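Visitor: I would like a walk through this model, with the criterion behind each label. Can we start with the structure on screen?

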Amino acid sequence: MVMIRQHYILHTNLKAILLNAKLDVIASAEVKFDTDLPEFRTTGGANPGLNKFEFFVQPVMWIKAMDIILDRLVISEADLSTVAAISGSAQQHGSLYWSKHGITALENLDPTKFLHTQIDDSAFVVNRTPIWMDASTVKQCIEMETAIGGHTEMLKISGSKCYPRFTGPQIRKIYQQRTHAYEDAQRISLVSSFLATLFLGKVASIDYSDASGMNLLDIREKTWSKACLNACAPDLEQRLGTPVSSTAVLGNVADYFVQRFCFPATCKIVACTGDNPSALAGMLVDKNWLSLSLGTSDTLMMSLEEPPNLEEGHVLCHPTEQDTFMGLLCFRNGSLVRESINKSEVGGNWQMFNELLESTPRGNFGNLAVHFNEMEIIPKAKGTLRWNKDMQPNSPDAAKGIIKFRSPQIEIRALIEGQMLHHRAIAEDMGFHFITETKILATGGASVNKSILQVISDVFNAPVYIQMGSEAALMGAAYRAAYGYFIHENQAQHPDAPRISYRDYILSLTPNHLQLVCEPNKDSEQIYGPLLQRYRDMAITLEANQAT
Ligand code: ADP
């Protein structure tokens, strides 16, 4: 199986891996956009636009990357003739606009030529195509929300209120500012469905999970919402096509790939999806797991039975579990705040930071801090608040708190406990149930830090695991290819057989690459249960400070 993806956070590269039947990685290749394709002049895989907050990519760059990566796989002696199925993961939200000529070119590929010489600029009606970083559609967000009756309605239907980088507002901007181009666009793809489109040789369906990042899908019904479509642009449904399950087989690989790279003609293309859902698929976790990414920003991911009633955050259709949702929350004040306190207290030395963190007791003698250096997403608050154990939430000093704790170790523990209590509170608000079976999966840069992971384990009163080996989104795409293929074949042979779940199927082939790193101390809940309320009081105080 092969899967191809663009890099998770900055989307700086295209990667491909080939797995054997036991799901071991047996070949891989990579193309770095900035350096392998310098003619497109990207930085971090993106081009800044002429106006503020605009970012784009020339679609042909991604197509050229595809030509190169397949050649690199062949050069690495990967045997593509045994590939059973292909799937992929790509940045969420970005969109591509196919011209009539483009669709014809796609359906008539000549195997003696490169893809990029056949699917060139003329294949798209927009050649500076908006990507996930583009935040230039505030106006369109307001218009779309107003048209359907407000942001609560949008949230209820599509799982998120309107966000400028989401695809619906981006499509509306193209419709308003480049009406002729919109009218000429025969089909619109997300970056993920575009990837599937190339392999399929015809425009591929958008999958439910990635469709959930558009402000256009009714996430409960798994159909396009008429109200959202009408609020976005005319005759949109026919341009989007019918959405499908994220593990659906879309068809066989195009003859181009059979002739040129020796893929078998029966090789199946499984729907591609967005990077976050694909990462959740790659983690192989069930509903008792809370995934906490500690990268540049801290992110929470979880499975949910019901979409919550939260103003912020995103709810997506789950990529691998039917009738389940995926909750996604991103926080602004994560690693960057930890870095700045590390710098101010111990000169930027993580080892010293950890020694001091470990030298203070759980609960920090009642000292707790909330650091929102940037305006936080939930709660909507900015500023720093430090309380000691004597501070009363209703006292006149509560809003100001205390200026500084008396030692760096108190400062450091107050920061980390405050951050993790914030994360736990928001996960609860989103509808995650903390039970005895709850487990935490920590990923991202700071997950190498065992001292921080121990605080997480204690605050959440749950064991903390890390994932060994390859990136989750990459593996998630390959695993979905395997599962989609299996279900497709199995259903054809045994139509009445009960459907095995994604996780059970993958774990029957490969072990879970999760490693236990920390367990909570026995007194954790006793200490952090009451502190959770303390954090909530501090957050309410900080939020109230904004209003004054
Ligand atoms: P990205 O989100 O860009 O992929 P990473 O997942 O690589 O980023 O995470 C980068 C962050 O990891 C940095 O902000 C850095 O502060 C943090 N980090 C790296 N090493 C440590 C460490 N030992 N302890 C705590 N944080 C760390």
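What follows is a short exchange about labels and the values behind them.

Visitor: What makes a value count here?

Guide: This is a predicted model: local features need pLDDT of at least 70, side-chain atom pairs count only at pLDDT 80 or more, and totals for chains, interfaces and linings use all residues. Residues are numbered from 1 along each chain as its sequence is written, and side-chain values use heavy atoms, with hydrogens and water left out.

Visitor: Which domains does the assignment give?

Guide: Domain 1 covers 13-281, and domain 2 covers 335-433 + 520-545. These bounds come from an automatic or database domain assignment. The C-alpha centres of domain 1 and domain 2 lie 40 Å apart.

Visitor: What does UniProt place at residues 126-282?

Guide: The unreviewed UniProt entry places "domain: Carbohydrate kinase FGGY N-terminal" there. UniProt positions follow the numbering used here, feature names are shortened, and annotations may be inferred rather than shown by experiment. In the model, residues 126-282 are 48% helix and 12% strand. The end C-alpha atoms of that stretch are 33 Å apart. Helices (H or I, at least four residues) and strands (E, at least two) are DSSP runs, numbered from the N terminus.

Visitor: Why are strand 17 and strand 23 said to stand at the edges?

Guide: Two strands pair if DSSP finds at least two bridges between them. The open sheet of seven strands has the order 17-18-16-15-21-22-23, with mixed pairing. Strand 17 (314-317) and strand 23 (514-518) each have a single partner strand, so one side of each is left without a neighbour in the sheet. Neighbouring strands of this sheet are turned by 30° against each other on average, direction ignored.

Visitor: How many bridges join strand 16 to strand 18?

Guide: Seven bridges join strand 16 (residues 298-304) to strand 18 (residues 325-331). That meets the pairing rule of at least two bridges. The two strands run antiparallel. Leu300 stands opposite Leu329 in strand 18.

Visitor: Which strands does helix 17 lie across?

Guide: Helix 17 (residues 408-430) lies across strand 15 (289-294), strand 16, strand 17 and strand 18. Helix 17 runs at about 150° to strand 18. Helix 18 (residues 450-460) also packs on the sheet, touching strand 15, strand 21 (439-443), strand 22 (464-467) and strand 23. The direction of helix 18 makes about 85° with that of strand 23. Contact means heavy atoms within 4.5 Å.

Visitor: Why are helix 15 and helix 17 called roughly antiparallel?

Guide: Axes are lines fitted to C-alpha atoms, for helices over the stretch in contact, and angles run from 0 to 180 degrees between N-to-C directions. Angles under 35 degrees count as roughly parallel, over 145 as roughly antiparallel, 65 to 115 as roughly perpendicular and the rest as oblique. The axes of helix 15 (residues 335-346) and helix 17 cross at roughly 175° and come within 10 Å. Helix 15 and helix 17 are therefore roughly antiparallel. Their contact includes Val337 and Ile341 of helix 15 and Leu415 and Met420 of helix 17. The contact residues divide into eight nonpolar, one polar and three charged. Ala, Val, Leu, Ile, Met, Phe, Trp, Tyr, Cys and Pro count as nonpolar, Asp, Glu, Lys and Arg as charged, and the others, Gly among them, as polar.

Visitor: Why are helix 19 and helix 20 called roughly perpendicular?

Guide: The axes of helix 19 (residues 472-493) and helix 20 (residues 502-509) come within 10 Å and cross at roughly 100°. Helix 19 and helix 20 are therefore roughly perpendicular to each other. Among the contact residues are Tyr479 and Phe486 of helix 19 and Tyr505 of helix 20. By class, this contact has seven nonpolar, one polar and one charged residue.

Visitor: What is the peptide bond from Ile378 to Pro379?

Guide: That bond is cis, with omega near -10°. Pro379 lies in the loop between strand 19 (368-372) and strand 20 (383-387).
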